[in-house]
Amino acid sequence: MTEEIETSKRTSPPTDEKEDVAVPKKAKVDDKENNEPSSLSKTHAYGKLILFGEHFVVYKVPALVGAVAAYTDCSIEVVDVDESDDVKKDKGDESKTGNDTGIVEIIDNRPAVPNYKTKKAEEGKKAVDLVLNHFKIFGKVKLTFGGNLCCASGIGASAAQVVALARAVKQTLPQFATLTDDEINAAGYEGEKGYHGTPSGIDNTAATFGGLLKFQRTEGEPIFEKKKLKEPIRIVYASTGITSSTIEVVDDVRAKKEADPAWFDALLKKYCDIVSKGEKVLEDGNIKELGKLMDENHKILQDLTVSCDELDTLVVAAKKAGAIGAKMSGTGRGGLMLCIVGCEETQNAVADALEKIAPQVWKTSFQ
Ligand code: MEV
């Protein structure tokens with residue numbers, strides 16, 4: 001599993017929205033304050049950073065993704081088990097199809113960048129319903145989400161939320177006690193449809209299994225494998241502060257692909273070359289080459305029109321401050337910039353430089 005070694009955040013921009021925002025502080029791994037009671041730790045679902053492959057992964061080509069140590073967790077309180085509805089559903093009663101779960105309350109204690117929770121509220125409700133429907137849970141439940149993953153576009157907060165919910169179902173409801181990680185992941189995938197429309201499955205897979213993964217969507221089950229690193233890779237990532245809509249951006253890429261298949265195929269071909277080289281240099285521990293390939297991947301994402309000025313500015317600043325490679329990560333048109341660095345000193349220098357221009361900056365590593 002990848003492990004978050006430290007988090008640095010400068011003060012979030014002011015917001016007039018009534019939501020939790022990332023509290024500026026320095027946090028370390030094993031920070032006692034961040035330790036959860038053991039029951040909730042069973043519901044941990046991780047955030048992720050895509051090293052290579054956002055958007056292209058939707059079209060069934062391989063991608064490389066690393067989970068971060070920060071997680072979302074969830075607890076379920078069953079207020080009323082609606083047995084009769086459950087039975088009705090089993091008998092195929094049409095009145096109990098669709099978003100008809102009995103959620104009485106969702107308490108969302110997850111830290112988040114300003115605007116994230118309000119912008120994602122509708123999608124989040126749909127995602128939670130999809131997971132409960134997947135398990136045919138129609139009794140009345142109260143859900144509480146927490147953890148130390150700061151919700152921001154690009155970090156896989158939606159996947160972490162739905163996977164944490166699936167884990168909470170397993171932990172709380174005896175009839176689901178034997179769910180496997182693959183079944184948790186499948187439930188997470190269903191939930192992701194609420195946020196992503198047509199998810200590739202990369203985010204929920206990273207949220208469920210952690211670690212650094214090679215992931216590929218297929219016509220059937222996704223294929224993924226854990227990658228071993230020779231040495232940990234130090235990372236800095238920074239938010240643009242802009243919450244983007246994955247559904248909208250993925251749909252727009254699809255529309256552009258359909259309008260000009262030759263243009264898209266040329267980009268896809270270049271991307272495939274990058275990710276296959278990327279996998280090799282990752283295995284060899286060749287960080288310099290890995291950085292170059294990240295730079296190239298960012299260029300392709302610019303051509304795909306999913307980067308934006310704010311992301312490009314962060315990429316340039318990271319490189320100027322000593323990053324070996326930098327790219328946008330995740331949906332884009334806002335969200336996150338990810339860069340790799342060679343040593344702790346450079347990691348600090350890059351984080352310092354980014355903190356001057358980005359609302360939130362984090363340091364982590366892939367292990
Ligand atoms: C979002 O984290 C990654 C995308 O490729 C969408 C997906 O894979 O479902 C943009």
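**Talking through the model**

Q: Where do we start? What does Val236 touch?
A: Leaving out residues up to four places away in sequence, Val236 touches Ala318, Cys339, Val341, Gln347, Val350, Ala351, Leu354, Val361 and Lys363. Keep in mind that this is a predicted model.

Q: Which residues touch the most other members of the largest nonpolar core?
A: Val236, Ala318, Met337 and Leu354 do. That core has 99 residues.

Q: Which helix gives the core its largest share?
A: Helix H4, residues 157-172, with 10 residues. The core also draws at least three residues from each of domain 1 (30-226) and domain 2 (233-366).

Q: Let's zoom out. How many helices and strands does the protein have?
A: There are 11 helices and 12 strands.

Q: And how much of the protein is buried?
A: Buried residues are 50% of the 367 residues.

Q: What about contacts with a separation of 6 or more? What share comes from residues 24 or more positions apart?
A: Those pairs account for 76% of them.

Q: New topic, the ligand. Which residues come nearest?
A: Glu54, Pro199, Ser200, Gly330 and Thr331. They belong to a set of 13 residues around the ligand.

Q: Which elements give two or more residues to that shell?
A: Helix H6 (202-209) and helix H7 (246-259).

Q: How does the shell split by class?
A: Five residues are nonpolar, six are polar and two are charged.

Q: Which domains does the shell draw on?
A: Domain 1 (30-226) and domain 2 (233-366) each supply at least three residues.

Q: Back to H6. How many of its residues are buried?
A: Seven of its eight residues, so H6 is mostly covered. The buried ones are Ile202, Asp203, Asn204, Thr205, Ala206, Ala207 and Thr208.

Q: What do those buried residues pack against?
A: They pack against strand S3, strand S4 (63-80), H4, H5, strand S7 (212-216) and strand S8 (223-226).

Q: What happens just after H6?
A: Gly210 takes a positive phi of about 65° there.

Q: And Gly201, where is that?
A: Gly201 sits in the loop between H5 and H6.

Q: Is Gly201 buried or exposed?
A: Gly201 counts as buried, because it has 23 C-beta neighbours inside 10 Å. The cut-off for buried is 20 or more.

Q: What is Gly201 in contact with?
A: Setting aside neighbours within four places in sequence, Gly201 is in contact with Tyr189, Arg217 and Pro222. The C-alpha atoms of Gly201 and Phe215 are separated by 8.7 Å, and the two residues are 14 apart along the chain.

Q: You mentioned Tyr189. Where does Tyr189 lie?
A: In helix H5, residues 181-196. Tyr189 is buried, because 25 other C-beta atoms lie within 10 Å.

Q: What is Tyr189 in contact with?
A: Pro199, Gly201 and Asn204, leaving aside neighbours within four places in sequence. Pro199 is also one of the residues that come nearest to the ligand.

Q: How far is Tyr189 from Ala127?
A: Their C-alpha atoms are separated by 9.6 Å. Along the chain the two are 62 residues apart.

Q: Switching to helix H9. How far does H9 reach?
A: H9 covers residues 287-303, which is 17 residues. From first C-alpha to last it reaches 24 Å, close to the 24 Å expected at 1.5 Å a residue.

Q: Which residues of H9 are buried?
A: Leu290, Gly291, Leu293, Met294, Asn297, His298, Ile300 and Leu301.

Q: Why might residues three or four places apart in a helix point the same way?
A: An α-helix has 3.6 residues a turn, so residues at that spacing point the same way.

Q: What do the buried residues of H9 pack against?
A: Strand S3 (45-52), helix H8 (261-284), helix H10 (309-320), strand S10 (325-329) and strand S11 (336-341). Just after H9, Thr305 takes a positive phi of about 75°.

Q: What about Asn115, what is its phi?
A: Asn115 has a positive phi of about 80°, although it is not a glycine. Asn115 is in the loop between strand S5 (102-108) and helix H3 (116-134). Asn115 counts as partly exposed, because it has 18 C-beta neighbours inside 10 Å.

Q: Last one, Lys136. Buried or exposed?
A: Lys136 counts as exposed, because it has 12 C-beta neighbours inside 10 Å. Lys136 is in the loop between H3 and strand S6 (140-147). Its phi is near 55°, a positive value in a residue other than glycine.

Definitions and conventions. Residues numbered from 1 in each chain as written. Predicted model: local features only at pLDDT ≥ 70, side-chain atom pairs only at ≥ 80, totals over all residues. Near = placed C-beta within 6 Å. Helix = DSSP H or I, 4+ residues; strand = E, 2+ residues; numbered from the N terminus. Nonpolar A, V, L, I, M, F, W, Y, C, P; charged D, E, K, R; others polar. Domains from an automatic or database assignment. Contact = placed C-beta atoms within 7 Å. Core = buried A, V, L, I, M, F, W, Y, C linked by C-beta atoms within 7 Å. Expected span 1.5 Å × (residues − 1).
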